[in-house]
Amino acid sequence: MAIDMASKYHSLHLPTHHGDWSLWDRIYDQLTLDDCVGLLVILVVTIAYLSHGYLWDKPDPYHHLWFEKPQARSMVNNLPAQTRNIATKLEERKKEMVIFWGSQSGTAESLAARLSREVNRRFGIESLLADLSDYDAASITDIPVTKIAVFILSTYGEGDPPDNANELWSWVTTQKDVKLNDLRYAAFGLGNSNYNAFNRAIDIVTKSLDGFGARALLPVGKADDAKGSTVEDFLAWQDELFGMLKTTLGYREQNVGYQPTLSAVYNDSVNPADIHRGIPVDPRERKKARGGRLKVYALPLTEGRELFSGSERSCLHLEFDLSQHARLKYKTGDHLAVWPQNPVQEVNRLLHMLGLQSQRSVPVSIAITEPGIELKYPTPTTLDALFGYYMDICGPMSRDLLPSLIQFAPSESSEARLAQLSSDPAAWTEYLSDKHINLGRLLEDLSEDGQSWTSIPLSFLLEYIPPLKPRYFSISSSAVVQPRRVSITALVSHTPINGNIQNQIPGLATTYLARLKAQLAAPGAASDTTSAVQILPPHHLHAHIQRSPFKLPANAAVPLILVASGTGIAPLRAFLAERSRLHRMDRPVGRCLLFYGARSAQNEWLYREEMEEVRRELGQGLFEIETAFSRDPAKDPVRKCYVQDRVRERFGDIATTLLNEGGYLYVCGSARMARGLGKIMDECFAEKMAWSKERYTEWAARMKRERKWQEDVWG
Ligand code: NDP
């Protein structure tokens, strides 16, 4: 701001009582009216900028830069103004291809990133990874015929698009006169056939694009997570895409080699206080949280007990104390997001195979070198923190990483084995059939005489390995009954592969929880923390509360139909505890009919005593349980009994409760069970009440819309 000496308002100056001029007085003396207006404008703009993403809950496109050390932030000043027009962005960045992604859990996003790297590695095609929420959907009409658009989009819930695809969704479903004659596109959808409306989002989007005149370059690819084949489905479609690039569009294959999009530099000079040592700060999780203000808490485990234990699996009831965090609150039906840690032996194995053990505690600074790439990890940090807490190093290996690893193989035999496994899906499946393979185990398995893979750049690992994400558990306690303690119900699987107990597939979070429980039982036992720096006190974990719409009706007198299988009983246990408490307080509570399915009554009937206690307390008139045990040896071994069978038997009561008494239906457990239940309900309404399919569909949709039919289903 220029201070105009000639036009200063001398009358505004005020001498200090000492008779000399303070700095403020001198500035004040020199201010003009224009200066005051200028200052006001700067103040307003600054407040607007700083509050962006806070006051109005808008995502901040530079949010990831919060995780960089201040000296790395200079790049903010060099960033061009962001356009929301995708065609302009493609032109600015000189990219031939745009890969749009719409992702709820991050899988579609990571497949999009893989495709971007592969088209570059194999064809030298420069592509732009585009979060659908970052662009105006209408600007797709401006994409010229010289470019290729790829859509990778997941479907979740009742056939809904991911949140970040909402704008595209409303554009394709509402616009009529769009002309997309120049658009050449390829599309891949991610879905799960256990749910209704399998891959509906990609079907609707591509149907609309075709209707607008766009040209599909190949058939739409679809992944089915119910078969556990998402990555293989994607690779099969990617092969078709690459075939089309060669035969139809005339691209020539070339092996461009690894082109880093970020730099990772060991840097001893950083301030130790700035180093991220493992406290969760995943920028994407924060972005998803309301206003990006995800707050992760260190919670002590205060109680851990086994609900059952068997050779193949056990089930844990775990309670965490919230009393040290006055601001941390939960509501009955919410989820607890648990941030797991990688087991120390897996961290050591991978660091050893990479030859990085001696650098594990040296600070590392990470910076983006390619504009438009989002930083997935906090910086500065250490290898201990990255491998122990931030990177998902225990996830199963997928075949698509193998071709990119070949260039770093330490010997000819490792190179040849990698080349064979990467090009032959059957050989890869066979290879995986008797072992659980993560990156560390693969490198160990393929190395000759324990040779380490020292030429794999750290930047490569940071690009390819996905960040460790929290795992969600339905809270099994009631916020009314125990507001300062939160409990979860976790199933720990010890299922061996091919009968060999050494070859287990350990669930990362559940094994971590089992370790915490063991620590609680034996407080003196050595901690298995991966890092030299303790980031958590003993038997504490990092967690946050994830809000869920799975909620009881405000009026406790409303009757409930509750359907659960296995650990799906968790939130329903909380509902029943709440109703019981209200009953004890002489408040009117509605009737509850619980259908519960498990493998066997002897071992796996979770919270049996508690349920029976609730029944005694509420009385048979207010609470009934119907059970279905699928592997009960006393029952028919051929035909399994599932909760749906009990629902069929009690359909008359259910229909009366839901249709005549304003009752609510709650379903919790596997997606397969929820789907089976929907099918039985449809059949019963048709057989017993002569409803047409349309009438049932319309009624079920309305019940869900009005939140009188709620589901909390996984898998
Ligand atoms: P189980 O695998 O033990 O299954 C529970 C019962 O459901 C068994 O009797 C099983 O029979 C039966 N079942 C299997 N297929 C069907 C079907 N199509 N229709 C009806 N019943 C069926 O359950 P888990 O506890 O291991 O897993 C339950 C599911 O609930 C998981 O998907 C989990 O992610 C989810 N969930 C877990 C929550 C938690 O907080 N822990 C909360 C919400 C959901 P059989 O195996 O003999 O065929």
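Me: Two strands are said to pair if DSSP finds at least two bridges between them. On that basis, which residue in β13 stands opposite leucine 336?

Reply: Phenylalanine 473 in β13 is the residue opposite leucine 336. The strand and helix names follow DSSP: helices are runs of H or I of at least four residues, strands are runs of E of at least two, and both are numbered from the N terminus. The model is predicted, so local features need pLDDT of at least 70 and side-chain atom pairs count only at pLDDT 80 or more, whereas totals for chains, interfaces and linings use all residues. Residues are numbered from 1 along each chain as its sequence is written, and side-chain values use heavy atoms, with hydrogens and water left out.

Me: How many bridges join β10 to β13, and how many join β10 to β17?

Reply: Four bridges link β10 with β13, and the two strands run antiparallel. Five bridges link β10 with β17 (residues 540-546), again in an antiparallel arrangement.

Me: Which way do the side chains of β10 point?

Reply: In a regular strand the side chains alternate between the two faces of the sheet. In β10, His335, Ala337 and Trp339 point one way, Leu336 and Val338 point the other way, and all are buried. Buried means under 20% relative accessible area, exposed means over 50%, and partly exposed lies in between (1.4 Å probe, protein chains only). Strand β10, residues 335-339, is thus mostly covered, with five of its five residues buried.

Me: Is serine 474 buried or exposed, and what does serine 474 touch?

Reply: Serine 474 belongs to strand β13, residues 471-474. Serine 474 counts as buried because its relative accessible area is 8%. A contact requires heavy atoms within 4.5 Å. Not counting residues up to four places away in sequence, serine 474 touches Asp334, His335, Ser487, Ile488, Ala570, Pro571, Asp712 and Trp714. With aspartate 712, serine 474 also forms a side-chain polar contact of 2.8 Å. A polar contact is a pair of N or O atoms within 3.5 Å; within protein, one must be able to donate a hydrogen and the other to accept it, and residues adjacent in sequence count only if both atoms are side-chain atoms.

Me: Which residues come nearest of the 22 residues around the ligand?

Reply: A residue is near a molecule if one of its heavy atoms lies within 4 Å of it. Of the 22 residues around the ligand, Arg313, Ser630, Arg631, Tyr642 and Trp714 come nearest. A backbone N or O atom of tryptophan 714 lies 3.3 Å from an oxygen atom of the ligand, and one of serine 670 lies 3.4 Å from a ligand oxygen atom. Lysine 640 places a polar side-chain atom 2.8 Å from an oxygen atom of the ligand. The protein covers 83% of the 910 Å² of accessible area that the ligand has on its own. Such areas come from the Shrake-Rupley method with a 1.4 Å probe; for residues, only the protein chains shown count as cover.

Me: What is the make-up of the shell around the ligand, and which strand supplies its largest share?

Reply: The shell residues divide into six nonpolar, ten polar and six charged. Here Ala, Val, Leu, Ile, Met, Phe, Trp, Tyr, Cys and Pro count as nonpolar, Asp, Glu, Lys and Arg as charged, and the others, Gly among them, as polar. The largest share, three residues, comes from β21. The elements that each supply at least two shell residues are β14 (485-493), β19 (592-598), β21 (664-670), α23 (671-689) and β22 (709-714).

Me: Where is histidine 539 found, and where is aspartate 586 found?

Reply: Histidine 539 is in the loop between α17 (508-521) and β17. Its phi is near 40°, a positive value in a residue other than glycine. Histidine 539 counts as partly exposed because its relative accessibility is 21%. Aspartate 586 is in the loop between α18 (569-584) and β19, and its phi, near 65°, is likewise a positive value in a residue other than glycine. Aspartate 586 counts as exposed because its relative accessibility is 72%.

Me: Which residues does a cis peptide bond join?

Reply: Threonine 379 and proline 380 are joined by a cis peptide bond, with omega about -5°. Proline 380 is placed in the loop between β11 (363-368) and β12 (381-382).
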